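Please consult the sequence and the structure below alongside the text.

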Amino acid sequence: MPKNSWFGQSLVAGLASVLLTSGAAADMPKDRPFAMRGVELGIDLDQFRQAPIPNDGNRYSDLQVRCSNDPPANGITVSVSAEDRADGIVECKWFSRDGLLHSSILWEHWIDIGTGKGIPTFSFIETGGRMRLFRVSFYANNEYYPGILDALTRGYGSPSSVIEPFKTLSGSDFTSMTSVWDNGLSSITLVQRCGHLERYCLTYNHTAYSGLYAVLKEKRAAAAAGKI
């Protein structure tokens, strides 16, 4: 086995074994979807706009919400793919001014997830006449991965995990662990290496509303398959 692969798998396995012992006091929600820093999956867009924005370390100012269906303001535009826009999907992000940078520019807002960090993207789909939050997603440097894995395991118990090989474009061999917490109403998926050696993915999914989005994607794929 290549050296990098052995080391990566040993490191992940060791971390997982430590986390298994820390999950005894975990408290996974049984009767409601997961929430990300107080923002619960399934809430509508109006509720989301009113939700408090975390200000970790009190280092940020002018915290605000911007969505893809808002007119451009202060140079900020939240983009969404043409396919999603056509199907009525709305994406939102938090923005702020970083006091440590002494800048007047609004930046995408970083938040803590345990001792890890990331920039959340909030995705909404229309159902029953309201836009509902079906997904919260992160994609950032995987130096933050261990702190996120630890926090989620302490909070929700030991996940279902799979360790798989990960090969870089240059041909180097590593491993990547995918961990899933699922309470039936929603799920959280954390991927150690997500399409890139140095990036993690963290995704909160509302089971029913994400299912509606999956139906939209299947309709697109079926339509595309006819173009042959």
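The structure holds two disulfides, a disulfide being counted where a pair of cysteine sulfur atoms lies within 2.5 Å. The model is a predicted one, in which local features need pLDDT of at least 70 and side-chain atom pairs count only at pLDDT 80 or more, while totals for chains, interfaces and linings use all residues. Residues are numbered from 1 along each chain as its sequence is written, and side-chain values use heavy atoms, with hydrogens and water left out.

**Disulfides**

- A disulfide is a covalent bond between the sulfur atoms of two cysteines.
- The link of C67 and C92 is right-handed, with 105° about the S-S bond.
- Because C67 belongs to strand β3 and C92 to strand β4, this pair ties together parts that are 25 residues apart in sequence; helices (H or I, at least four residues) and strands (E, at least two) are DSSP runs, numbered from the N terminus.
- C67 is buried, at a relative accessible area of 2%, and C92 is also buried, at 0%; buried means under 20% relative accessible area, exposed over 50%, and partly exposed in between, with a 1.4 Å probe and protein chains only.
- Another disulfide joins C194 to C201, with an S to S distance of 2.0 Å.
- The link of C194 and C201 is left-handed, with -80° about the S-S bond.
- C194 counts as partly exposed at 21% relative accessibility, whereas C201 is buried at 15%.
- When the bonded cysteines of the chain are numbered in sequence order, the pairing reads 1-2, 3-4.

**Salt bridges**

- The structure holds 13 salt bridges, each defined as a side-chain nitrogen of Lys or Arg within 4 Å of a carboxyl oxygen of Asp or Glu.
- One of them brings together the side chains of R59 and D98, at 2.5 Å from N to O.
- R59 lies in the loop between α2 (45–50) and β3 (60–67), and D98 lies in strand β4 (residues 90–98), so the pair ties together parts that are 39 residues apart in sequence.
- R59 is partly exposed at 29% relative accessibility, whereas D98 is buried at 11%.
- The side chains of R135 and E91 also meet in a salt bridge, at 3.5 Å from N to O.
- R135, in strand β9 (residues 130–141), and E91, in strand β4, are 44 residues apart, and the pair links distant parts of the chain.
- Both members of this pair are buried, R135 at 17% relative accessibility and E91 at 14%.
- A further salt bridge joins the side chains of K167 and D173, at 2.7 Å from N to O.
- K167 counts as exposed at 54% relative accessibility, and D173 as partly exposed at 26%.
- Salt bridges that share partners join D84, D87 and R220 into one network.

- R220 lies in helix α5, which covers residues 207–225.
- R220 is partly exposed, with a relative accessible area of 23%.
- Leaving aside residues up to four places away in sequence, R220 touches E83, D84, D87 and Y213; contact means heavy atoms within 4.5 Å.
- The side chain of R220 makes a polar contact with the side chain of D84 at 2.6 Å; a polar contact is a pair of N or O atoms within 3.5 Å, where, within protein, one must be able to donate a hydrogen and the other to accept it, and residues adjacent in sequence count only if both atoms are side-chain atoms.
- R220 and D87 are 133 residues apart in sequence, and their C-alpha atoms are 9.8 Å apart in space.

**The chain as a whole**

- The secondary structure comprises five helices and 13 strands.
- Of the 228 residues in the chain, 43% are buried.
- Among the contacts in the chain with a separation of 6 or more, 60% are between residues 24 or more positions apart.
- The accessible surface of the chain is about 12200 Å², and 54% of this surface belongs to carbon and sulfur atoms; accessible areas come from the Shrake-Rupley method with a 1.4 Å probe, and for residues only the protein chains shown count as cover.
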